[in-house]
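Morning, everyone. Please have the sequence and the model open while I talk.

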Amino acid sequence: MALLPAASSELIVKHAQYVRVHEQAIEKLADRVIRGIKDKEIDIENFSQHEHHPTAKDPNAANWIFLIDALNFCFWTPGTDATKWKVDGQTGYFALCAAINRAIREGIDITNPAFYSTITLEQLESIMRSDTEDTKAPLLEERVRCLHEAGRVLLDRYEGKFENCVRTCAGSALTLLQRIVEDFPCFRDEAVLAYDGSETRVSFYKRAQILVGDLWACFRGQGLGRFEDIDAITMFADYRVPQVLVHFGAMAYNDDLMALLKEDKLLEFGSREEMEIRGASIYVVEHLKALVRLKLSKHHPDVAPARVNAILLDHFLWDYRRKHAAELEYIPFHKTISIYY
């Protein structure tokens with residue numbers, strides 16, 4: 001059994017060699033977050049308001065979200081902006097959303113596991129075709145394998161509907177998280193941390209947690225998205241949110257790690273450096289969440305502290321990176337080839 005992400009982050013930061021956390025900077029970031037809450041920059045409504053996302057009224061929303069998060073990994077590509085994989089002018093995650101929505105408009109039954117459990121490489125390559133003919137989405141073979149695996153499990157255990165999986169969890173985000181990583185191995189984002197002669201299995205569960213978080217956000221915490229323990233979900237440790245946390249000074253890389261990143265060296269999945277970046281990110285956002293709630297309860301009685309969770313904080317930080325991409329270019333982001341994020 002692996003430690004859950006929050007406990008994993010505590011252990012990783014305790015034994016960190018390459019990454020440091022700065023509590024004073026987290027406090028300053030908390031003030032920025034509170035401003036975002038007051039201005040509705042941070043709000044559960046923002047998910048469904050995005051043009052590429054479904055709303056709770058969409059009867060296919062749960063299967064759409066499951067499919068997206070089964071494919072939601074490793075969009076970075078080397079080279080210039082001109083060589084990036086783009087769909088309808090979008091890059092990264094939103095290019096994926098645009099590609100899936102385009103396929104639906106073209107009459108392809110892409111959200112049906114009966115279709116994608118046997119999808120061919122050629123079919124997926126066409127569905128995820130880029131705006132430019134000379135560019136392809138990365139890791140297409142791995143994405144096909146994930147779809148085959150996930151589709152078969154949905155068909156065999158849940159009658160082809162992800163909502164059936166959700167309903168077996170009785171409103172528990174933690175139960176759903178554990179079911180996802182048990183039933184769908186391609187979501188099992190775990191590694192082994194070695195320290196002081198010991199080894200501990202740790203987890204990050206980026207895609208599994210974002211799957212739970214996307215359901216919660218799409219359904220605004222009601223109906224299929226109602227989870228009594230949504231606070232068990234941490235931020236989604238990826239490539240870009242750490243970049244924002246370093247920008248705000250909440251965490252810092254030592255000289256050796258920064259040199260590696262600036263040289264554009266690939267970090268192996270499960271390497272010490274890679275685990276520390278992701279673990280420290282979860283740790284910082286957990287502390288940020290607690291601090292924001294404390295400040296709200298003391299100084300902003302008009303805002304319920306319970307409205308703040310790691311999902312919304314992750315949305316804010318990820319969106320901040322997109323809005324300030326040029327400004328944050330001075331901080332290199334780590335690059336790892338992995339199906340887990």
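I'll go through a helix, some aromatic contacts, a pocket and one aspartate.

A caution before the details: this is a predicted model.

Start with helix α4, residues 61-70. Is it mostly covered or mostly open? Mostly covered: 10 of its 10 residues are buried. The buried set includes Trp64, Ile65, Phe66, Leu67 and Ile68. Asn63 and Asp69 are buried in α4 too. What does the covering? Among the elements over those buried residues are α5 (92-105), α6 (113-116) and α8 (140-158). Helices α9 (162-167) and α11 (206-218) also contribute to that cover.

Look at Phe187 from its face. Arg207 lies over that face, 4.3 Å from the ring centre. There is another charge over a ring to look at. The charged end of Lys335 sits over Phe333, at 4.1 Å from the centre of the ring.

Next, aromatic pairs. How many does the structure hold? The count is 14. Take one of them, Phe269 with Tyr340. The centres are 5.2 Å apart, and the planes make an angle of 35°. That pair is classed as tilted. Where do the two residues sit? Phe269 is in the loop between α13 (255-262) and α14 (272-299). Tyr340 is in the segment after α15 (310-323). So the pair ties together parts that are 71 residues apart in sequence. Phe269 is partly exposed, at 23% relative accessible area. The cut-off matters here: buried means under 20%, so Phe269 does not count as buried.

On to the second largest pocket. Its volume is about 350 Å³. The lining has 19 residues. Which are closest to the centre? Ile44, Trp216, Ala306, Arg307 and Asn309. By type, the lining divides into 10 nonpolar, 2 polar and 7 charged residues.

Asp43 is in the loop between α2 (23-38) and α3 (46-49). Is Asp43 buried or exposed? Buried, with a relative accessible area of 14%. Set aside its neighbours within four places in sequence, and Asp43 is in contact with Arg307 and Leu312.

Conventions. Residues are numbered from 1 along each chain as its sequence is written. This is a predicted model: local features need pLDDT of at least 70, side-chain atom pairs count only at pLDDT 80 or more; totals for chains, interfaces and linings use all residues. Side-chain values use heavy atoms; hydrogens and water are left out. Buried means under 20% relative accessible area, exposed over 50%, partly exposed in between (1.4 Å probe, protein chains only). Helices (H or I, at least four residues) and strands (E, at least two) are DSSP runs, numbered from the N terminus. Contact means heavy atoms within 4.5 Å. On a 1 Å grid over the protein atoms alone, a cavity is a set of points where a 1.4 Å probe fits but cannot get out, and a pocket is an open set with protein on both sides within 12 Å along at least five of seven lines; lining residues have an atom within 4 Å of a point. Grid points are joined across faces, edges and corners, and a volume is the space filled by probe spheres set on the points. Ala, Val, Leu, Ile, Met, Phe, Trp, Tyr, Cys and Pro count as nonpolar, Asp, Glu, Lys and Arg as charged, and the others, Gly among them, as polar. Rings of Phe, Tyr and Trp (its six-membered ring) pair if their centres lie within 6.5 Å; planes under 30 degrees apart count as stacked, over 60 as edge-to-face and the rest as tilted. A charge sits over a ring if NZ of Lys or CZ of Arg is within 6 Å of the ring centre and within 35 degrees of the ring normal.
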